[in-house]
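User: Please take me through this model and, for each term you apply, set the value against the definition behind it.

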Amino acid sequence: MNEHMKKALEMAFKGMESGQGGPFGAAIVQNNAIIACSHNKVLATNDPTMHAEVAAIREATQKLGRFDLSDCEIYSTCQPCPMCLGAIFWAKIPKLYYGCDENDAAEIGFDDAFIYEAIRGGLFSAGGNENQDKLEIEKIDRAECLEAFKAWSEKEDKKQY
């Protein structure tokens, strides 16, 4: 077994056995050394975003003092959900290794297929929201919100990311 995936798996068991979350673990590796690892902490924190990948990314960025993890890899015991996949992209991690897939997760009650369907179905398009029973969406106050975008655009000392 790959040593980095083994650590991610150990974290998954640690999180489950301690009652902190589901069977998910992740490790972030830089130069073949693990710099951060975590497990799902949703139950421990009552924070639905504390998936293993997100927790590991948060730990790695704190350790390295930067948001750009483009010199790292991530190992996850399961195919990342859409949120975690987004976090991996935002962290600029160029390589993902995962064990179980979305079907394996669905079989044990972690089914995020409806999120993928919502994204593919144009959740924010003018065509309507097919998943209204899951999330009602209404666009409001665009003009006012654009003021923040304008201020950012005009900010001379911004750091684009």
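**Cores, a buried threonine pair and a pocket**

User: What makes the largest nonpolar core a core, and which residues have the most contacts inside it?

Analyst: The largest nonpolar core has 21 residues, and Ile28, Ile35, Ile57, Ala60, Leu69, Ile74 and Ile93 are those with the most contacts inside it. The term requires buried Ala, Val, Leu, Ile, Met, Phe, Trp, Tyr and Cys residues that are joined through side-chain atoms within 4.5 Å. Two or more residues come from each of β1 (25-30), β2 (33-39), α3, β3 and α4 (82-90), helices being DSSP runs of H or I with at least four residues and strands runs of E with at least two, numbered from the N terminus. The most is given by α3, with five residues. Apart from this core lies another, of seven residues, including Met5, Ala8, Ala27 and Tyr75. The model is predicted, so that local features need pLDDT of at least 70 and side-chain atom pairs count only at pLDDT 80 or more, while totals for chains, interfaces and linings use all residues. Residues are numbered from 1 along each chain as its sequence is written, and side-chain values use heavy atoms, with hydrogens and water left out.

User: Why is Thr77 called buried?

Analyst: Thr77 has a relative accessible area of 8%, and buried means under 20%, exposed over 50% and partly exposed in between, with a 1.4 Å probe and protein chains only, so Thr77 is buried. Thr77 belongs to strand β3 (residues 72-78), and its C-alpha atom is 6.1 Å from that of Leu9, 68 residues apart along the chain. Beyond four places in sequence, its contacts (heavy atoms within 4.5 Å) include Met5, Ala8, Phe24 and Cys100.

User: Is Thr61 buried or exposed, and how do you know?

Analyst: Thr61, in helix α3 (residues 52-64), is buried because its relative accessible area is 18%.

User: What makes the lining of the largest pocket nonpolar, polar or charged by class?

Analyst: Ala, Val, Leu, Ile, Met, Phe, Trp, Tyr, Cys and Pro count as nonpolar, Asp, Glu, Lys and Arg as charged, and the others, Gly among them, as polar; on that basis the lining has ten nonpolar, three polar and four charged residues. Of the 17 lining residues, Phe24, His51, Cys81, Phe110 and Asp112 lie nearest the centre of the pocket. On a 1 Å grid over the protein atoms alone, a pocket is an open set of points with protein on both sides within 12 Å along at least five of seven lines, where a cavity is instead a set in which a 1.4 Å probe fits but cannot get out, and lining residues have an atom within 4 Å of a point.
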